[in-house]
Amino acid sequence: MSNANVTKPVFLAEDTIAQPELYELCDWMLAGNRLTKGEQTLAFEEEFRDWMGSKHAIFTNSGSSSNLLMIFALKEAGLLRNNKAIAAAVSWVTTVSPLMQFGFDISLCDCDTTNLGLDLNHLEHLCKTEQPSVLILVHVLGHANHMAEIQEICDRYGVLVLEDSCEALGSTSGGKKLGSHGIAGSFSFYYGHHISTIEGGMVVTDDDDLNQIMLSLRSHGWSRDLSEERRIEMTRNHDVDAFRNLYTFYYPGFNLRSTDLQAFIGRSQLKKLDGIVEVRERNFGLYKGSLPDFYAQSGPTETLSSFAYGTFVENRLEVFNHLKEEQIECRPLICGNIGRHPFWTRKNGTCDLPNADKVHDFGIYLPNHNNLSPTDITRVANAFNSVARPHNTA
Ligand SMILES: Cc1ncc(COP(=O)(O)O)c(C=O)c1O
């Protein structure tokens, strides 16, 4: 191993926006184009929708906003028969917090230790006992949930499925991209995600009505972004004349828009996405081969657009300190059991779930991104193997 290699820091994430993209962006901005949401946003949404194989895509200012938007849109569409929801315990704060903000009664579902997605038995139990109307799951670190089985359970109990796919852009299962299985799916384009628009997110859906409602909710609840047909219908139904048209609000909306500047970046990022997915999948395979004593997720994922390499160790702090000395970053496995975080426990008390608790107490994740070479992965794996003691998840 060369000295240069030993001292090269390995970060959890690196920028995916390259210099030539920034020059292109500057030229475009200086040409006097409109920077707020406009043509670039429409083009990015169309290209993203096609890349996903979805009918509609809505560009937002973050993955968190995307979750908020799709959850509230279900309510406004009248698709929820009650205010009860199930959310994945191994998730992110803003997977769950919009449900809290909208006053849902939330049950957290434990994870399956093989893929870190939902535990099917616990899901079925919660559907049976709580009779919720919506589920939001997370494809943790790019690994697919058992979507066919989940959909079957949810259909049986009349539960709508939302996919928080913020860590899974490009992963597939059952021949379809993750995020396109449920009624709607969300993505994040924050720094460190598969592609970046600096801040940004997307919602995809095949549901025409939900799409129209989300377009309105994203922008104050007005009708400007809706289809012509829908706009005419709304003005007619509410007796709105041409003078008041642009300033009439049909839904209690938000402002969750991004800008055309960010859509411009998103369009160039999208061109690189297939290559990024390939590198991330290769890196996951290299980690798996180099860490034979450590748990690796498996399951129904076909293409694995790996977000990071998650595993379980007995001595996390020791590993963290050793890797830090070696200039290698690592971190908790997303954030463990979300039911053990102060924002949740303050309101609901501690939510103990055996598998999510293992993730909370023993989970760790190692860097995976587009700029990591096989040599970098070997360096991380060697440093990790030299101190880490595997935790048995059984
Ligand atoms: C599963 C999951 N959901 C939502 C988010 C939030 O995305 P954003 O940072 O774009 O708001 C993240 C962020 O990393 C995430 O991992």
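Which domains does the domain assignment of the protein give? In this predicted model, the assignment gives domain 1, covering residues 19-264, and domain 2, covering residues 273-387. The centres of the two domains, taken over C-alpha atoms, are separated by 26 Å. Where domain 1 and domain 2 meet, 32 residues of domain 1 and 31 residues of domain 2 take part in the contact. On the side of domain 1 that touches domain 2, α5 and β6 (172-173) each supply at least two residues. The most comes from α5, which gives three residues to that side. Sorted by class, this side of domain 1 holds 14 nonpolar, 14 polar and four charged residues.

The interior can be considered next. In soluble globular proteins, nonpolar side chains tend to be buried together. Here, the largest nonpolar core has 103 residues, and Ala88, Val90 and Met214 have the most contacts inside this core. At least three of the core residues come from domain 1 (19-264), and at least three from domain 2 (273-387). Leaving aside its neighbours within four places in sequence, Val90 is in contact with Cys111, Leu116, Val138, Val140, Ile334, Asn337, Ala356 and Val359.

Of the 15 residues around the ligand, Ser62, Gly63, Ser64, Trp92 and Ser188 come nearest. By class, the shell around the ligand is made up of five nonpolar, eight polar and two charged residues.

Note on methods:
Residues numbered from 1 in each chain as written. Predicted model: local features only at pLDDT ≥ 70, side-chain atom pairs only at ≥ 80, totals over all residues. Near = placed C-beta within 6 Å. Nonpolar A, V, L, I, M, F, W, Y, C, P; charged D, E, K, R; others polar. Domains from an automatic or database assignment. Contact = placed C-beta atoms within 7 Å. Helix = DSSP H or I, 4+ residues; strand = E, 2+ residues; numbered from the N terminus. Core = buried A, V, L, I, M, F, W, Y, C linked by C-beta atoms within 7 Å. Buried ≥ 20, exposed ≤ 12 C-beta atoms within 10 Å, placed from the backbone.
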